[in-house]
Amino acid sequence: MTAQADQYRQGLSIFTQIKSALRPVLISALFLLGLAAGTAYGQDSRADTVPEPQTAAQSLFERAVTAIEEQTVRVQTLELLREQLVDVREENAAIIKDGNLASDLLSAQLDSLGSPPPEGEEEPEGVARRRAELRNALAEAEAPIREARESLRHVEVLIRELDKQLRLRKLQDVLERYPSPLAISTWQDGIEEIGLFRQRLWRDIERELDRPSVSKQLNRTGPIALGLALFGVGFLVFLQIPISRFVVGYAERRRGGGKGLLLAIASNFTFLLLPAIGAAALVAILPILDIRPNAVRTAVIALPAMAVVMIIAHWLGHTLFAPGQHRWRLLDLSDAEARHGLRLCQALGVFLVLELLLEALEIDQAFGPAAISILSAPLIFLAAALLWLLAGMLKRNEAVSILPGTSGEDVTDETADQTKDSGFLLFLALLMRGAAVLAVVVVLAGYIQLARVASIPMIVTVAELGFGYLLYHLARQVYFAVTNKEDTERVPVFLSIGLVCLLTLVFAPLIALTWGARATDIIEVGRILYNGVEFGDIRLSLDSLIILFVVFGLGVVVTRWLQNILKTSVLPQTRMDSGARNAVLTGVGYAGLTLAMLISVSTAGLNLSSLAVVAGALSVGIGFGLQTIVSNFVSGIILLIERPIKEGDWIEVSGQSGYVRKISVRSTRIETFDRHDVIIPNSDLIAGTVKNMTLSSKTGRLILPVGVAYGSDLEKVKSILLGAARAHSSIALYPMPSVLFSGLGDSSLDFELRCYLKDVENILTVRSDLYFTIYNELGKAGIEIPFPQRDLHLRDIDRLVEAIERRGDGERST
């Protein structure tokens with residue numbers, strides 16, 4: 001029993017060591033399960049924990065302060081101290097919460113007695129006695145709360161300092177420098193250390209085979225291990241690919257609907273299940289043989305983890321790139337590029353397996369610093385090269401997706417290079433290439449751990465993002481299958497935003513853990529989100545924010561639904577014009593949004609009374625700094641209520657003329673006759689002069705100036721002008737058209753034809769028609785339409801003629 005117990009404890013110790021080594025790769029998969037189990041365990045432990053005495057808490061504080069000041073305590077001790085401080089913090093928080101309830105009840109009873117009498121006045125004896133009793137009880141109830149708050153602040157400071165210590169220790173480990181692989185001495189020492197390890201490994205294997213428990217069972221376990229090896233290799237090499245192709249082909253023939261989606265999911269799972277069968281057979285060989293060499297004990301324990309990493313890389317490559325399955329391919333690439341992407345994913349999986357193996361050997365202290373340096377350098381170079389190639393593929397995919405109407409097969413490198421570099425994939429590709437360059441540079445300088453931090457988390461992050469994109473795409477396909485829509489249609493905006501928010505909430509902690517954040521850091525962030533942050537008397541927590549946004553979103557949905565009902569069913573049956581209908585819809589929208597905001601704030605339990613002073617000060621600032629915006633806002637409300645202009649009116653304001661297209665709260669949009677949109681501030685429409693040609697009616701007057709030559713028959717001219725006006729269908733018969741003799745011009749007799757149009761919006765067309773008619777009729781009547789004439793008088797014309805003649809005689813003589 002003692003030997004078994006020692007072996008069990010040794011196994012636990014090794015497992016604890018391997019957890020820290022495999023953490024960058026395995027933490028993403030185990031985080032959710034571990035967090036749930038840790039939460040349940042924390043709830044059970046807190047339920048059974050007996051509050052520590054004050055002396056025990058003080059002793060804990062002193063030990064924590066000593067550990068922080070000395071800075072030589074082991075990391076495990078710091079973690080243990082932090083866990084104990086967290087328990088004390090939870091106990092004090094519970095005391096404050098329970099005490100606040102009792103304190104609030106006593107304060108409510110004290111408030112029910114009314115305000116104390118002014119100084120110099122007395123209140124009834126019974127009321128005074130009751131007030132004194134309640135004050136004493138309130139003081140007794142608040143005493144433990146004050147102590148708990150003091151202790152809570154002390155604990156918070158200690159936890160922050162311990163977290164700083166732990167982060168500093170981790171940073172020191174990352175910045176530890178190994179011998180540079182560029183030095184010849186490093187290779188000499190490293191090769192020697194590798195040779196010593198090989199000798200030690202063979203001795204351990206021989207020692208394991210010589211153990212009676214192994215040698216006696218070897219005749220039985222040997223054939224089983226050989227059979228598992230043959231089965232595993234044969235299944236992975238010869239059977240896995242044909243089975244996967246058959247299942248995928250069967251699923252491809254059953255496209256469409258929920259059944260097709262289920263078959264596609266099942267075919268995708270074959271890339272997980274089939275390699276897992278072969279890997280399980282190979283991993284089971286060493287446990288069956290019962291061989292555990294001390295030189296590679298941790299590596300043997302890590303074999304299942306290595307198999308899982310390789311299987312996930314294989315499955316993720318087939319899922320994202322899907323060679324031969326263009327319909328389910330998540331990236332827009334050609335078949336050749338998809339096969340190349342699959343090979344890159346599998347190669348990255350091989351790198352992670354080799355890196356896990358090397359870190360497991362480091363835990364077993366198989367190598368010295370020189371061997372670790374020369375073994376890590378080729379692995380880091382491999383990771384950098386793979387990251388660089390994968391980044392180029394992602395960049396190409398983004399370029400293809402930006403070009404409309406193109407696919408991965410018809411986009412050349414020249415076309416892709418001409419594409420605008422933007423988008424998330426381009427940003428991710430830039431980070432990957434930056435991490436690759438950084439890893440190569442620092443590994444050559446000997447910073448092995450820093451090179452691992454630059455490469456391994458980036459690879460795991462890319463895998464996590466790929467898995468998240470898979471879940472997003474799967475949710476879209478489920479939506480299309482449920483709604484019987486084609487997968488080329490658009491997904492509702494709220495569904496896309498909800499999926500992105502949910503995936504961000506799930507994967508953000510995983511990515512943070514991948515890049516070195518501790519689980520306690522994530523728990524601290526969750527605690528802050530759950531408990532909230534206080535701003536004066538307002539406490540903002542995650543649940544209150546969720547309630548706030550959900551209730552406000554429902555209010556917005558109800559408001560839009562009500563506006564749609566009014567627009568399509570109610571308002572069309574009234575006698576209101578389009579401008580009045582628009583004003584009603586706008587008013588309902590603003591009222592609904594305001595009411596939704598008030599209800600959501602009240603439902604979330606946010607106390608805004610403390611913002612009264614801030615609002616008062618803000619109103620002063622608005623009065624000075626935002627007076628233009630406020631003026632436009634108030635003017636917009638006045639326009640919607642008084643309606644001096646409405647949508648569709650023809651107005652002239654600020655030198656602009658056109659139709660009113662939309663009246664908003666801040667501004668009004670006018671469409672000119674040139675089809676230009678002009679934005680007019682509402683304050684100009686209220687404070688300035690506005691000419692509205694169609695406010696009360698569409699009737700408007702047209703004044704048409706006409707000039708004829710001197711000596712024309714005036715009565716004939718008047719008759720032609722009146723006849724042209726009366727013959728036009730757009731001119732109203734009442735008030736009757738009239739002709740005025742407006743004056744004697746420099747070259748013409750000036751007349752004005754004045755008439756009223758039935759629709760003033762046709763004024764330009766009517767003006768043109770009248771001019772055509774008048775010009776033709778005046779021409780038929782022989783009445784001339786003059787043009788300006790001028791007389792030119794030249795002085796000393798005789799002297800000018802003589803000078804010209806003399807010049808001509810001189811030219812002839814020469």
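## Overall picture

Let's start with the contacts: among those in the protein chain with a separation of 6 or more, 73% join residues 24 or more positions apart. Please keep in mind that this is a predicted model. The protein chain holds 27 helices and 10 strands, and 37% of its 814 residues count as buried.

## The largest nonpolar core

In soluble globular proteins, nonpolar side chains tend to be buried together. Here, the largest nonpolar core has 63 residues, and the members touching the most others are F197, F321, F367 and M432. Helices α6 (184-210), α11 (297-301), α12 (303-321), α13 (335-363), α14, α16 (424-445) and α17 (448-483) each give this core at least two residues. Helix α14 provides the largest share, with 13 residues.

Leaving out residues up to four places away in sequence, F197 is in contact with A295, V296, L361, A366 and F367. Another core, of 27 residues, lies apart from this one, and its members include A724, V739, L770 and L778.

Helix α14 spans residues 369-402, and S373 is found in it. Is S373 buried or exposed? Its relative accessibility is 0%, so S373 counts as buried. Beyond residues up to four places away in sequence, S373 touches Y178, P179, S180, P181, T186 and I448.

## Aromatic rings

Searching the whole structure turns up 8 aromatic pairs. One aromatic cluster is formed by W315, F467 and F507.

## Helix α25 and its surroundings

Now for a helix further along the chain. Helix α25 runs over residues 714-727, and its 14 residues reach 20 Å from the first C-alpha to the last, close to the 20 Å expected at 1.5 Å a residue. At the start of α25, D713 places a side-chain oxygen within 3.3 Å of the backbone nitrogen of E715.

Which residues of α25 are buried? They are V717, I720, L721, L722, A724 and A725. An α-helix has 3.6 residues a turn, so residues three or four places apart point the same way. The cover over the buried residues of α25 includes the strands β8 (700-708), β9 (738-744) and β10 (749-757), together with helix α26 (763-780).

Key: Residues are numbered from 1 along each chain as its sequence is written. This is a predicted model: local features need pLDDT of at least 70, side-chain atom pairs count only at pLDDT 80 or more; totals for chains, interfaces and linings use all residues. Side-chain values use heavy atoms; hydrogens and water are left out. Helices (H or I, at least four residues) and strands (E, at least two) are DSSP runs, numbered from the N terminus. Buried means under 20% relative accessible area, exposed over 50%, partly exposed in between (1.4 Å probe, protein chains only). Contact means heavy atoms within 4.5 Å. A nonpolar core is a set of buried Ala, Val, Leu, Ile, Met, Phe, Trp, Tyr and Cys residues joined through side-chain atoms within 4.5 Å. Rings of Phe, Tyr and Trp (its six-membered ring) pair if their centres lie within 6.5 Å; planes under 30 degrees apart count as stacked, over 60 as edge-to-face and the rest as tilted. The expected span of a helix is 1.5 Å times one less than its number of residues. A polar contact is a pair of N or O atoms within 3.5 Å; within protein, one must be able to donate a hydrogen and the other to accept it, and residues adjacent in sequence count only if both atoms are side-chain atoms.
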